[in-house]
Each structure stands twice: as structure tokens, then as C-alpha cells.
Amino acid sequence: MTIAAVLTGDLIDSQGVEDTQDYINQLRDALQQLQAVCPFQYELYRGDGFQLTLDVAADAVRCAVLLRAALIAASPEHERYDARIAVGIGQAAAVNRYGEAFVLSGQGLDTMKKDSLGLFTHDASLLDRLELPTAFAARVIEQWTRVEAQTWWLHATLAVSQKALAEHMDKAQVTVHKALQRAEAALMDRYLARSREWIQELTDD
């Protein structure tokens, strides 16, 4: 048994959008894009539900935020695509897809009523460090517009200067800068970097 990370989630208001199938298709596309950034195995279920098993546990929180960014960025005009995601960190045997991380993630999602991002682990130190900043990060993501989510996604995955990012997006650098400011990109980057460090400490023990 090793420390593993599992993300369990579902699409928010999947039956309330104009085109539910497009919503599900965008989830599939987002997962395909994301696999190149933080590798994982995944399953889709109940139409709008999904579960990801990360190859690298330390990538868990970053992967969750990137998935939400990709979905929000794919939203059609006047609608919002997004997902609730429960991050489970714990022991698991990847071969049979069972163990603490799977249970924590699945049960964690069931307890998330109004929350859109949650961390679930039996490690008290990790929970103490990450629970509150994760709640803050969730509130930031919930305020992202489609443009802000798209800009942050490219900022996070391309890892280039704002000038290069602006050229890639064919936008003025000041426009990209303001979008990243509104998205609280600097704070989100710090949160994800520390999250990775703290989860890595647990896996190294």
C-alpha cells in the first residue's frame, strides 16, 4: 500500500444547462487535455460523474483546479460549466482501485453540499495545513469568468511569460495581466505549490 490521490467529482447542474451532452463532451475533452499535464487513469459514471487516480499523488490539488479551469473555460455564452471535486489522500492499492484514498474521496464528495472543492485525508497535519486554504481557493474559482479560467489555464500549463502568453492568445499583454489579476493567479500559484510540497512530504514519509 502506498499514499495515493483520488479525485471524485460530478458536473454542477448538469441537468439544468441547455445542452447536457455538450457539457459531458466538454468534460471528456478537458480530461483528455489534462492527462498530458498531470497523468491519471479515470472512469466516468452516472453520465456526469468521474473519478481520477493520479499517477503522482502530489499533483492532486493542481489537477483538480486545472480540471475546473478547463471546464469553466469551455462554458458556452450565458452558461457555466464547472464541477465539484473531492480530493482524497490516503493509502490505496492502485491495482484493484480500492483503499483509503478511494473511500475518502467518494464519501467526501457525498458530504459536499455547497462546497465545490474539498480535501479529505486522515493525516491530521496535512488537513490542518490545507483545509482552510482549499476553502479559500474554492471561493476564488467560483468567481472565475470564462476568460479568467482560460487565461489561468494557459498560464498554468504553458508556464511562459505574460508577454509570450499574450502573443499565444493574440491579446494585448495588459489584457492578459488584468485577467490573471482578477483570477488571483499569483495566490493560486502559491497555494498549488505549497499543496504539492505538503502532499509530497506525506508520500516521502
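**Exercise 1.** Determine which residues of α2 meet which residues of α8, and describe the packing of the two helices.

*Solution.* Step 1. On the α2 side, Val-61, Arg-62 and Val-65 take part, and they meet Met-188, Tyr-191, Leu-192, Ser-195 and Ile-199 in α8; contact means heavy atoms within 4.5 Å. Helices (H or I, at least four residues) and strands (E, at least two) are DSSP runs, numbered from the N terminus.

Step 1. The residues of this contact divide into six nonpolar, one polar and one charged. Here Ala, Val, Leu, Ile, Met, Phe, Trp, Tyr, Cys and Pro count as nonpolar, Asp, Glu, Lys and Arg as charged, and the others, Gly among them, as polar.

Step 2. The axes of α2 and helix α8 (residues 185-204) are 8 Å apart, and the helices pack at an angle of about 145°. Axes are lines fitted to C-alpha atoms, for helices over the stretch in contact, and angles run from 0 to 180 degrees between N-to-C directions.

The model is predicted: local features need pLDDT of at least 70, side-chain atom pairs count only at pLDDT 80 or more, and totals for chains, interfaces and linings use all residues. Residues are numbered from 1 along each chain as its sequence is written, and side-chain values use heavy atoms, with hydrogens and water left out.

**Exercise 2.** State how α6 is oriented relative to α7.

*Solution.* Step 1. Helix α6 (residues 162-169) and helix α7 (residues 173-182) have axes that come within 8 Å and cross at roughly 105°.

Step 1. α6 is therefore roughly perpendicular to α7 (angles under 35 degrees count as roughly parallel, over 145 as roughly antiparallel, 65 to 115 as roughly perpendicular and the rest as oblique).

Step 2. The residues of the contact of α6 with α7 divide into five nonpolar, three polar and one charged.

**Exercise 3.** Count the aromatic pairs and characterise the one formed by Tyr-23 and Tyr-81.

*Solution.* Step 1. The count comes to three aromatic pairs. Rings of Phe, Tyr and Trp (its six-membered ring) pair if their centres lie within 6.5 Å; planes under 30 degrees apart count as stacked, over 60 as edge-to-face and the rest as tilted.

Step 1. Tyr-23 and Tyr-81 are stacked, at 4.1 Å centre to centre with 10° between the planes.

Step 2. The pair links distant parts of the chain, 58 residues apart: Tyr-23 is in helix α1 (residues 20-35), and Tyr-81 is in the loop between α2 (60-73) and β4 (83-93). Tyr-23 is buried at 0% relative accessibility, and Tyr-81 is buried with a relative accessible area of 1%.

Conventions
Buried means under 20% relative accessible area, exposed over 50%, partly exposed in between (1.4 Å probe, protein chains only).
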